[in-house]
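Student: I've got a model open and I'd like to go through its geometry with you. Start with how you'd name a helix crossing, then take me to the contacts and links.

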Amino acid sequence: MLAVPLLLLLLSYCDSVCGVFQQLYCTLSDSCECDFKPNIRGLEWDLYKNVFGQHLVQDIVSEEVARFLANKSPDRPLVLSFHGSSGTGKSLVSSMLGNHLYGSAMSSSYVHQFVPTLHFPSPHRVKEYREELKAWVQGNLTECARSVFIFDEMERMPPGVIDVLKPFLGPSHVVFRTNYRKAIYVFISTTGQELIREVTMQNRLAGHEREDIKLSALQDRLAQAVYNDSSSGFFRSSIVKQKLVTVFVPFLPLSRCHVERCVHYLLCQSGSCQRSDVVEAVGGDMTYTPAQGQYFSTTGCKAVAAKVNFFL
(Lines give C-alpha, C1' and ligand atoms only; values in the text may rest on other atoms or scores of the structure.)
Protein backbone atom coordinates (compact mmCIF):
# COMPACT_ATOMS: atom_id res chain seq x y z
CA MET A 1 0.00 0.00 0.00
CA LEU A 2 2.99 2.29 0.52
CA ALA A 3 4.00 1.91 -3.11
CA VAL A 4 1.48 4.42 -4.49
CA PRO A 5 2.24 7.25 -2.00
CA LEU A 6 5.97 6.68 -2.45
CA LEU A 7 5.54 6.81 -6.24
CA LEU A 8 3.59 10.05 -6.00
CA LEU A 9 6.21 11.53 -3.69
CA LEU A 10 8.97 10.50 -6.12
CA LEU A 11 7.15 12.04 -9.08
CA SER A 12 6.59 15.26 -7.15
CA TYR A 13 10.28 15.34 -6.22
CA CYS A 14 11.28 14.75 -9.85
CA ASP A 15 9.02 17.57 -11.05
CA SER A 16 10.57 19.90 -8.50
CA VAL A 17 14.12 18.93 -9.44
CA CYS A 18 13.32 19.18 -13.16
CA GLY A 19 11.90 22.64 -12.58
CA VAL A 20 15.08 23.73 -10.81
CA PHE A 21 17.25 22.35 -13.60
CA GLN A 22 15.03 24.00 -16.24
CA GLN A 23 15.36 27.37 -14.48
CA LEU A 24 19.12 26.90 -14.14
CA TYR A 25 19.34 26.00 -17.84
CA CYS A 26 17.37 29.12 -18.79
CA THR A 27 19.65 31.39 -16.80
CA LEU A 28 22.82 29.87 -18.21
CA SER A 29 21.78 29.27 -21.80
CA ASP A 30 21.17 31.74 -24.61
CA SER A 31 18.89 29.24 -26.35
CA CYS A 32 16.15 29.20 -23.71
CA GLU A 33 13.43 31.51 -25.03
CA CYS A 34 10.95 31.40 -22.11
CA ASP A 35 7.43 31.54 -23.59
CA PHE A 36 8.67 33.62 -26.51
CA LYS A 37 6.41 33.01 -29.53
CA PRO A 38 7.10 35.79 -32.05
CA ASN A 39 4.60 36.26 -34.85
CA ILE A 40 6.12 38.91 -37.09
CA ARG A 41 3.58 38.46 -39.87
CA GLY A 42 0.80 38.90 -37.34
CA LEU A 43 2.43 42.06 -35.97
CA GLU A 44 2.80 43.54 -39.46
CA TRP A 45 -0.82 42.77 -40.32
CA ASP A 46 -2.09 44.19 -37.02
CA LEU A 47 -0.13 47.40 -37.50
CA TYR A 48 -1.32 47.96 -41.06
CA LYS A 49 -4.92 46.98 -40.37
CA ASN A 50 -5.60 48.58 -36.98
CA VAL A 51 -3.23 51.55 -36.60
CA PHE A 52 -4.56 54.56 -38.49
CA GLY A 53 -2.64 57.50 -39.93
CA GLN A 54 0.76 56.25 -38.79
CA HIS A 55 2.75 55.16 -41.85
CA LEU A 56 6.06 55.83 -40.09
CA VAL A 57 5.07 53.71 -37.10
CA GLN A 58 3.87 50.85 -39.27
CA ASP A 59 7.10 50.73 -41.25
CA ILE A 60 9.58 51.42 -38.46
CA VAL A 61 8.18 49.09 -35.80
CA SER A 62 7.64 46.11 -38.09
CA GLU A 63 11.05 46.51 -39.75
CA GLU A 64 13.02 47.08 -36.54
CA VAL A 65 11.42 44.16 -34.70
CA ALA A 66 11.86 41.82 -37.68
CA ARG A 67 15.51 42.85 -38.09
CA PHE A 68 16.21 42.47 -34.38
CA LEU A 69 14.67 38.99 -34.10
CA ALA A 70 16.40 37.79 -37.27
CA ASN A 71 19.75 38.33 -35.54
CA LYS A 72 20.33 35.34 -33.27
CA SER A 73 23.15 37.12 -31.48
CA PRO A 74 22.42 40.88 -31.36
CA ASP A 75 25.12 43.15 -29.95
CA ARG A 76 22.58 45.24 -28.02
CA PRO A 77 18.88 45.22 -27.11
CA LEU A 78 16.13 46.75 -29.23
CA VAL A 79 15.21 50.14 -27.76
CA LEU A 80 12.16 51.92 -29.18
CA SER A 81 11.01 55.35 -27.98
CA PHE A 82 7.43 56.27 -28.95
CA HIS A 83 6.54 59.97 -29.10
CA GLY A 84 3.36 61.82 -29.95
CA SER A 85 0.22 63.43 -28.63
CA SER A 86 -2.52 61.66 -26.72
CA GLY A 87 -4.66 59.14 -28.59
CA THR A 88 -2.33 58.57 -31.53
CA GLY A 89 -1.72 54.87 -30.84
CA LYS A 90 1.43 54.64 -28.71
CA SER A 91 -0.03 52.36 -26.03
CA LEU A 92 -1.93 50.39 -28.66
CA VAL A 93 1.27 49.57 -30.55
CA SER A 94 3.12 48.60 -27.36
CA SER A 95 0.28 46.18 -26.56
CA MET A 96 0.53 44.75 -30.08
CA LEU A 97 4.19 44.03 -29.46
CA GLY A 98 3.36 42.05 -26.33
CA ASN A 99 0.53 40.22 -28.11
CA HIS A 100 2.66 39.15 -31.05
CA LEU A 101 5.81 38.30 -29.09
CA TYR A 102 4.24 36.36 -26.22
CA GLY A 103 0.68 35.71 -27.34
CA SER A 104 -0.51 38.18 -24.72
CA ALA A 105 0.39 41.66 -23.54
CA MET A 106 0.29 42.55 -19.88
CA SER A 107 -0.80 39.06 -18.83
CA SER A 108 2.60 37.60 -19.74
CA SER A 109 5.06 37.34 -16.85
CA TYR A 110 7.82 38.35 -19.29
CA VAL A 111 6.25 41.66 -20.35
CA HIS A 112 6.83 44.31 -17.68
CA GLN A 113 5.15 47.70 -17.62
CA PHE A 114 6.22 50.69 -15.52
CA VAL A 115 4.07 53.78 -14.91
CA PRO A 116 5.91 56.68 -13.21
CA THR A 117 2.90 57.93 -11.24
CA LEU A 118 2.58 54.46 -9.76
CA HIS A 119 6.16 53.16 -9.54
CA PHE A 120 8.22 56.38 -9.36
CA PRO A 121 5.88 59.07 -7.96
CA SER A 122 8.34 61.19 -5.97
CA PRO A 123 11.16 63.27 -7.54
CA HIS A 124 12.95 63.14 -4.18
CA ARG A 125 13.52 59.38 -4.22
CA VAL A 126 15.54 59.07 -7.42
CA LYS A 127 18.41 57.14 -5.81
CA GLU A 128 16.00 54.62 -4.28
CA TYR A 129 14.11 54.21 -7.55
CA ARG A 130 17.34 53.66 -9.46
CA GLU A 131 18.37 50.83 -7.15
CA GLU A 132 14.94 49.21 -7.30
CA LEU A 133 14.68 49.50 -11.09
CA LYS A 134 18.16 48.09 -11.66
CA ALA A 135 17.44 45.11 -9.40
CA TRP A 136 14.08 44.48 -11.05
CA VAL A 137 15.41 44.61 -14.61
CA GLN A 138 18.47 42.52 -13.85
CA GLY A 139 16.42 39.93 -11.98
CA ASN A 140 13.94 39.58 -14.81
CA LEU A 141 16.66 39.40 -17.44
CA THR A 142 18.22 36.57 -15.47
CA GLU A 143 14.85 34.85 -15.46
CA CYS A 144 14.23 35.47 -19.17
CA ALA A 145 16.62 37.06 -21.66
CA ARG A 146 13.69 37.83 -24.00
CA SER A 147 11.97 40.09 -21.47
CA VAL A 148 10.04 43.12 -22.73
CA PHE A 149 10.11 46.30 -20.62
CA ILE A 150 7.56 49.05 -21.31
CA PHE A 151 7.95 52.46 -19.66
CA ASP A 152 4.77 54.51 -20.05
CA GLU A 153 4.34 58.27 -19.49
CA MET A 154 8.05 59.03 -19.67
CA GLU A 155 7.18 62.73 -19.47
CA ARG A 156 6.31 62.05 -15.81
CA MET A 157 9.42 60.05 -15.01
CA PRO A 158 11.74 61.86 -12.55
CA PRO A 159 14.90 62.77 -14.51
CA GLY A 160 17.85 60.59 -13.60
CA VAL A 161 15.94 57.41 -12.83
CA ILE A 162 16.04 55.89 -16.30
CA ASP A 163 19.80 56.38 -16.69
CA VAL A 164 20.37 53.41 -14.39
CA LEU A 165 19.46 51.28 -17.43
CA LYS A 166 22.38 52.57 -19.49
CA PRO A 167 24.60 49.54 -18.81
CA PHE A 168 21.83 47.22 -20.02
CA LEU A 169 21.29 49.08 -23.30
CA GLY A 170 24.82 49.24 -24.71
CA PRO A 171 27.09 46.58 -26.23
CA SER A 172 29.67 46.40 -23.43
CA HIS A 173 27.78 45.35 -20.29
CA VAL A 174 27.27 41.69 -19.38
CA VAL A 175 24.54 40.72 -16.93
CA PHE A 176 25.48 37.63 -14.92
CA ARG A 177 24.07 34.40 -16.36
CA THR A 178 22.07 35.90 -19.19
CA ASN A 179 22.27 37.36 -22.66
CA TYR A 180 20.80 40.78 -21.83
CA ARG A 181 21.09 41.85 -25.46
CA LYS A 182 17.96 39.94 -26.49
CA ALA A 183 15.61 42.16 -24.46
CA ILE A 184 13.26 44.79 -25.88
CA TYR A 185 12.65 48.17 -24.26
CA VAL A 186 9.79 50.50 -25.19
CA PHE A 187 9.55 54.06 -23.89
CA ILE A 188 6.27 55.96 -24.34
CA SER A 189 5.99 59.73 -24.07
CA THR A 190 4.13 62.84 -25.22
CA THR A 191 7.43 64.74 -25.15
CA GLY A 192 8.18 66.07 -28.62
CA GLN A 193 4.53 66.26 -29.65
CA GLU A 194 4.84 69.97 -30.51
CA LEU A 195 7.70 69.26 -32.91
CA ILE A 196 5.81 66.38 -34.52
CA ARG A 197 2.69 68.53 -34.91
CA GLU A 198 4.75 71.36 -36.42
CA VAL A 199 6.39 69.13 -39.02
CA THR A 200 3.04 67.53 -39.89
CA MET A 201 1.39 70.95 -40.23
CA GLN A 202 4.18 72.32 -42.42
CA ASN A 203 3.91 69.27 -44.64
CA ARG A 204 0.14 69.79 -45.01
CA LEU A 205 0.38 73.53 -45.69
CA ALA A 206 2.98 72.82 -48.37
CA GLY A 207 0.42 70.67 -50.16
CA HIS A 208 2.26 67.39 -49.61
CA GLU A 209 0.72 64.02 -48.80
CA ARG A 210 0.95 62.86 -45.21
CA GLU A 211 2.89 59.79 -46.36
CA ASP A 212 5.59 62.11 -47.76
CA ILE A 213 6.82 62.76 -44.22
CA LYS A 214 10.08 60.87 -43.70
CA LEU A 215 11.68 59.70 -40.48
CA SER A 216 14.80 61.71 -41.38
CA ALA A 217 12.75 64.92 -40.98
CA LEU A 218 12.09 64.11 -37.33
CA GLN A 219 14.62 61.62 -35.92
CA ASP A 220 17.52 63.88 -34.87
CA ARG A 221 15.29 66.82 -33.95
CA LEU A 222 13.09 64.57 -31.82
CA ALA A 223 16.10 63.13 -29.98
CA GLN A 224 17.33 66.65 -29.25
CA ALA A 225 13.89 67.83 -28.10
CA VAL A 226 13.58 64.90 -25.71
CA TYR A 227 17.10 65.44 -24.36
CA ASN A 228 16.54 69.16 -23.72
CA ASP A 229 13.04 68.99 -22.24
CA SER A 230 13.30 69.40 -18.46
CA SER A 231 9.92 67.69 -17.99
CA SER A 232 11.10 64.56 -19.79
CA GLY A 233 12.42 61.44 -18.10
CA PHE A 234 15.16 61.60 -20.74
CA PHE A 235 16.24 65.14 -19.72
CA ARG A 236 20.01 65.32 -20.13
CA SER A 237 20.00 61.51 -20.22
CA SER A 238 23.21 59.67 -21.08
CA ILE A 239 21.01 57.09 -22.83
CA VAL A 240 20.06 59.70 -25.43
CA LYS A 241 23.49 61.35 -25.48
CA GLN A 242 25.26 58.06 -26.18
CA LYS A 243 22.68 57.10 -28.84
CA LEU A 244 21.49 53.96 -27.06
CA VAL A 245 17.94 54.39 -28.35
CA THR A 246 17.59 52.34 -31.53
CA VAL A 247 15.00 54.69 -33.01
CA PHE A 248 12.72 57.51 -31.90
CA VAL A 249 9.32 56.68 -33.38
CA PRO A 250 7.07 59.69 -34.12
CA PHE A 251 3.29 59.25 -33.92
CA LEU A 252 1.69 61.90 -36.12
CA PRO A 253 -1.42 63.86 -35.02
CA LEU A 254 -4.64 62.40 -36.41
CA SER A 255 -7.03 64.14 -38.78
CA ARG A 256 -10.78 63.66 -38.91
CA CYS A 257 -10.59 60.85 -41.47
CA HIS A 258 -8.35 58.85 -39.10
CA VAL A 259 -10.68 59.48 -36.17
CA GLU A 260 -13.59 58.22 -38.25
CA ARG A 261 -11.64 55.08 -39.10
CA CYS A 262 -11.21 54.51 -35.36
CA VAL A 263 -14.98 54.91 -34.95
CA HIS A 264 -15.70 52.47 -37.76
CA TYR A 265 -13.29 49.94 -36.26
CA LEU A 266 -15.03 50.08 -32.87
CA LEU A 267 -18.46 49.82 -34.48
CA CYS A 268 -17.42 46.73 -36.43
CA GLN A 269 -16.19 45.10 -33.23
CA SER A 270 -19.73 45.38 -31.86
CA GLY A 271 -21.36 44.26 -35.12
CA SER A 272 -22.51 47.75 -36.14
CA CYS A 273 -20.31 48.34 -39.21
CA GLN A 274 -23.18 49.91 -41.16
CA ARG A 275 -23.75 52.79 -38.73
CA SER A 276 -22.25 55.52 -40.91
CA ASP A 277 -24.42 58.01 -39.01
CA VAL A 278 -22.45 57.29 -35.83
CA VAL A 279 -19.16 57.63 -37.72
CA GLU A 280 -20.22 61.04 -39.00
CA ALA A 281 -21.60 62.15 -35.62
CA VAL A 282 -18.48 61.21 -33.63
CA GLY A 283 -16.13 62.67 -36.23
CA GLY A 284 -18.04 65.96 -36.13
CA ASP A 285 -18.18 66.06 -32.32
CA MET A 286 -14.43 65.92 -31.80
CA THR A 287 -12.30 69.02 -31.20
CA TYR A 288 -9.73 69.90 -33.86
CA THR A 289 -6.82 72.34 -34.08
CA PRO A 290 -5.80 74.89 -35.14
CA ALA A 291 -8.91 77.04 -34.93
CA GLN A 292 -8.38 78.09 -38.54
CA GLY A 293 -8.25 74.90 -40.54
CA GLN A 294 -9.08 72.38 -37.81
CA TYR A 295 -6.71 69.77 -39.19
CA PHE A 296 -5.87 67.60 -36.18
CA SER A 297 -7.87 66.00 -33.37
CA THR A 298 -6.76 67.32 -29.98
CA THR A 299 -7.28 63.90 -28.37
CA GLY A 300 -6.64 61.64 -31.34
CA CYS A 301 -8.78 58.54 -30.97
CA LYS A 302 -8.65 58.51 -27.16
CA ALA A 303 -12.21 59.77 -26.58
CA VAL A 304 -13.74 57.79 -29.43
CA ALA A 305 -15.04 54.83 -27.39
CA ALA A 306 -17.06 57.03 -25.03
CA LYS A 307 -18.52 59.05 -27.89
CA VAL A 308 -19.47 55.93 -29.85
CA ASN A 309 -21.43 54.67 -26.85
CA PHE A 310 -23.13 58.06 -26.57
CA PHE A 311 -24.25 58.19 -30.22
CA LEU A 312 -25.29 54.55 -30.57
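Tutor: A crossing is called left-handed if the near helix is turned anticlockwise from the far one by less than a right angle, and right-handed if it is turned clockwise. Before we use that, note that this is a predicted model, where local features need pLDDT of at least 70, side-chain atom pairs count only at pLDDT 80 or more, and totals for chains, interfaces and linings use all residues. Residues are numbered from 1 along each chain as its sequence is written, and side-chain values use heavy atoms, with hydrogens and water left out.

Student: OK, which hand does the crossing of α3 and α4 have?

Tutor: Right-handed, for α3 passing α4. Helices here are DSSP runs of H or I with at least four residues, strands are runs of E with at least two, and both are numbered from the N terminus.

Student: And what's the angle between α3 and α4?

Tutor: About 35 degrees, with the axes of α3 (residues 55–70) and α4 (residues 90–102) 12 Å apart. The axes are lines fitted to C-alpha atoms, for helices over the stretch in contact, and angles run from 0 to 180 degrees between N-to-C directions.

Student: Which residues of α3 and α4 make the contact?

Tutor: From α3 you have Val 57, Val 61, Val 65 and Leu 69, and from α4 Val 93, Leu 97 and Leu 101. Contact means heavy atoms within 4.5 Å. By class, that contact has 7 nonpolar residues, no polar and no charged ones. The nonpolar class is Ala, Val, Leu, Ile, Met, Phe, Trp, Tyr, Cys and Pro; Asp, Glu, Lys and Arg count as charged, and the others, Gly among them, as polar.

Student: New topic. How many disulfides?

Tutor: The count is 3, taking a disulfide as a pair of cysteine sulfur atoms within 2.5 Å. Cys 34 and Cys 144 form one, with the sulfurs 2.0 Å apart. That link is right-handed, with 120 degrees about the S-S bond. It joins distant parts of the chain: Cys 34 is in the loop between α1 (3–28) and α2 (40–50), Cys 144 in the loop between α6 (126–143) and β3 (148–151), 110 residues apart.

Student: Is Cys 144 buried or exposed?

Tutor: Cys 144 is buried, at 0% relative accessible area, whereas Cys 34 is partly exposed at 23%. Buried is under 20% relative accessible area, exposed is over 50%, and partly exposed is in between (1.4 Å probe, protein chains only).

Student: What does Cys 262 pair with?

Tutor: Cys 301, S to S 1.9 Å. The torsion about that S-S bond is about 80 degrees, so the disulfide is right-handed. Both Cys 262 and Cys 301 are buried. Cys 268 and Cys 273 form another disulfide, at 2.0 Å between sulfurs.

Student: Last one: how many aromatic pairs?

Tutor: There are 12. Rings of Phe, Tyr and Trp (its six-membered ring) pair if their centres lie within 6.5 Å; planes under 30 degrees apart are stacked, over 60 edge-to-face, and the rest tilted. Phe 114 and Phe 151 are a stacked pair, 4.7 Å centre to centre with 10 degrees between the planes. Phe 114 is in strand β2 (residues 111–114) and Phe 151 in strand β3, 37 residues apart. Phe 114 is buried at 7%, and Phe 151 is buried at 0%.
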